[in-house]
Amino acid sequence: MVEVLVSGAGIAGSTLAYWLSRYGFEVTVVERAAGSRSSGNPVDVRGPALDVVTAMGVLPELRAAATDVDRLRFVDARGRRRASMRVGDRDRGDVELARADLATILAAASGDRVRMRWGDGISEIEQSGAGVTVGFESGERAHYDYVLGADGLHSAVRRLTFGDDREFVRHMGIYIATVPVTRSASEHEVVMYNSPGRSISVHPAGGRPIAAFMFRRAPVAGLDHRDSEAQRRLLVAEFAGRMGPFEDVLDEVRAGGDLYFDAVSKVSLPRWSRGRVALVGDAASCLSLFGDGSSLAIAGAHTLAEELATAPHDPAAAWGRYEQRHRDRIGAAHRGVRFASALMVPGSRPAIGLRNTAVRLFAAA
């Protein structure tokens, strides 16, 4: 039996664990968090990811958990509509749902075929021709045939295998944060307010509204991605007095809700594998402002599992075919970041006006 350790129980990791276990691998998933979190903007399942979740048998569950949002409305400081646009494509079968719901449904699909190590992480990776010896933060050690990093932008597997993040991760000039809120919201519409270089929006998220913040800023020196209180202070400082019709939402940030905070970053690696270790999802190629990162993670995880199942004793061949197939998919997402940032976070008042005019013209066409 080939034993695989998957680092990360998010969207990529849960999809990967499902398919590896289905293909006959013995799978362990290690996740530093004690469980799923409630924050994070809703995400889309579309394109090739739809075929993957259909084959997993979870598409009906995803549709049952889906939001009913079909429009994005841009408003001014008094809450008046300035422009709106359609989002998603139900005719094509796209599904939008809360990130936590998606991760939970994908994780549950494996049933008891996958062993879980909650509340632990990887602190050491030693490779040899016979496999990979892993040291865990808990102090335990274990041996696996393969280690697969699905542990996100701040991947421990990537750092331990490839080196310091400064070589591979580039800040794109935007920070993003989300927090659950009690504010009522339209069932079918996301409402967004922009001030120069900033955006605040409220998404109904199927009856559990989520506020999302984006702001343009150079990297903040010394900001720890795990220090939620420092992140909260930065968020309040950036948005205080600049919230337009959403001023009350900042009170909920101050109150200490479940905050997600990170930089929009581009991960660029010449290869996604080294020896018996490979990366998938944001750990390999993070960059998305439109929610399609989850679809790419699902599709990439399935491709990785499929290729490893085809060549379980020839990792070089499996990794090579996985990269060849999946790099083509991520190219468009990386190329679209400039358009996405201009749409969601215009940098000046003239740019906001130009965006609104362009959206109105597009909608009227």
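Trainee: Happy to start with a loop: between which two strands is A205 found?

Mentor: Before that, keep in mind that this is a predicted model, where local features need pLDDT of at least 70, side-chain atom pairs count only at pLDDT 80 or more, and totals for chains, interfaces and linings use all residues. Residues are numbered from 1 along each chain as its sequence is written, and side-chain values use heavy atoms, with hydrogens and water left out. Strands here are DSSP runs of E with at least two residues, and helices are runs of H or I with at least four, numbered from the N terminus. On that numbering, the loop that holds A205 lies between β14 (198-203) and β15 (210-216).

Trainee: What is the phi of A205, and is A205 buried or exposed?

Mentor: Most residues other than glycine have a negative phi. A205 is not a glycine, yet its phi is positive, at about 50°. As for accessibility, buried means under 20% relative accessible area, exposed over 50% and partly exposed in between, with a 1.4 Å probe and protein chains only. A205 has a relative accessible area of 4%, so the word for it is buried.

Trainee: Now the strands. How many residues of β13 are buried?

Mentor: In a regular strand the side chains alternate between the two faces of the sheet. Here E189, V191, Y193 and S195 point one way from β13, while V190, M192 and N194 point the other way, and all are buried. β13 (residues 189-195) is therefore largely enclosed by the rest of the structure, and the count of buried residues is 7 of the 7.

Trainee: Which residue of β13 is the bridge partner of R71?

Mentor: Two strands pair if DSSP finds at least two bridges between them. Strand β4 (residues 71-75) and β13 have 5 bridges, in the parallel sense. The partner of R71 in β13 is E189.

Trainee: And which residue in the turn of the hairpin formed by β13 and β14 has a positive phi?

Mentor: β13 and β14 pair over 5 bridges, in the antiparallel sense. S195 stands opposite R198 in β14. The hairpin has 2 residues between its strands, and the one in the turn with a positive phi, about 75°, is G197.

Trainee: Let's turn to helices. At what angle do α2 and α9 pack?

Mentor: Two packed helices are described by the angle between their axes and the distance between the axes. The axes are lines fitted to C-alpha atoms, for helices over the stretch in contact, and angles run from 0 to 180 degrees between N-to-C directions. Helix α2 (residues 48-56) and helix α9 (residues 293-310) have axes 8 Å apart, and the angle is about 60°. Since angles under 35 degrees count as roughly parallel, over 145 as roughly antiparallel, 65 to 115 as roughly perpendicular and the rest as oblique, the word for α2 against α9 is oblique.

Trainee: Which residues of α9 make the contact with α2?

Mentor: Contact means heavy atoms within 4.5 Å. On the α2 side, the contact is made by P48, A49, V52 and V53. On the α9 side, the residues are S295, I298, A299 and H302.

Trainee: How do α1 and α9 lie relative to each other?

Mentor: The axes of helix α1 (residues 11-22) and α9 come within 8 Å. They cross at roughly 30°. That makes α1, relative to α9, roughly parallel.

Trainee: Which residues of α1 make that contact with α9?

Mentor: From α9, the contributors are S294, A297, I298, A301, H302, L304, A305 and L308. From α1, they are I11, A12, T15, L16, W19 and L20.
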